[in-house]
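Here is a short report on aromatic rings and their neighbours. Have the sequence and the model open as you read.

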Amino acid sequence: MTTTPTVEELEAQERRLVFSQFTYDDAWALGSLLVELARERRAPVAIDIHRAGQQLFHAALPGSTPDNDAWIARKRRVVERYGSASYLVGARHRAKGTTFEASSRLAPDTYAAHGGSFPLTVKGAGVIGAITVSGLPQLEDHELVVAALERFLARP
């Protein structure tokens, strides 16, 4: 059973999972790796990679629905607005004894601080985009993205 990560653990993930560069080819390779991991887990997810407002990768696996694409957009907007993982943004609000929905005053049909969207951060440039998964419970969405990023960044 997975334990819920602390805000500090989530922040450490963001500090650790940083790219030296992020190209179109990187988006394809990372997205393809994420598809492979999702298939291994038989995860009914949709996957999206955006950079600077442009969709560079999208895949919908068996069992996913159009609703997953709507969740992707809502979670990605949280990363774009806050520069942090959607799960971390939600966790920061919960740690303060409130919810994102109650505190942010942002439209819930537009923003969702639920796990599954992670910032694409390039050293020296900052957050340049987001990688997002939707289809599993929020912590599992987050963990699937983190697993793909860890494996991708560990390549020689």
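Phenylalanine 19 is buried in this predicted model. Its relative accessible area is 3%. That value falls under the 20% cut-off, so phenylalanine 19 counts as buried. Phenylalanine 22 has 7% relative accessibility and therefore counts as buried too.

Next come the ring pairs. The count comes to four aromatic pairs. One of them joins phenylalanine 19 and phenylalanine 22. Their ring planes meet at 75°, which is over 60, so the pair is edge-to-face. Phenylalanine 19 also pairs with phenylalanine 152, and this pair is tilted. The two pairs are set out here.

| Ring pair | Centre to centre | Angle between planes | Type |
|---|---|---|---|
| Phenylalanine 19 and phenylalanine 22 | 5.0 Å | 75° | edge-to-face |
| Phenylalanine 19 and phenylalanine 152 | 5.9 Å | 50° | tilted |

Where do phenylalanine 19 and phenylalanine 152 lie in the chain? Phenylalanine 19 is in the loop between helix 1 (7-16) and helix 2 (24-40). Phenylalanine 152 is in helix 6 (residues 138-153). They are 133 residues apart, and the pair links distant parts of the chain. Both phenylalanine 19 and phenylalanine 152 are buried. Through ring pairs, Phe19, Phe22 and Phe152 join into a cluster.

Rings also have charged neighbours. Arginine 74 places its charged end over the ring of tryptophan 71, 4.2 Å from the ring centre. Arginine 94 has its charged end over the ring of tyrosine 87, 5.4 Å from the centre of that ring.

Note on methods. Residues numbered from 1 in each chain as written. Predicted model: local features only at pLDDT ≥ 70, side-chain atom pairs only at ≥ 80, totals over all residues. Heavy atoms only, no water. Phe/Tyr/Trp six-rings, centres within 6.5 Å; stacked < 30°, edge-to-face > 60°. Buried < 20%, exposed > 50% of the residue type's maximum accessible area, 1.4 Å probe, protein only. Helix = DSSP H or I, 4+ residues; strand = E, 2+ residues; numbered from the N terminus. Lys NZ or Arg CZ within 6 Å of the ring centre and 35° of its normal.
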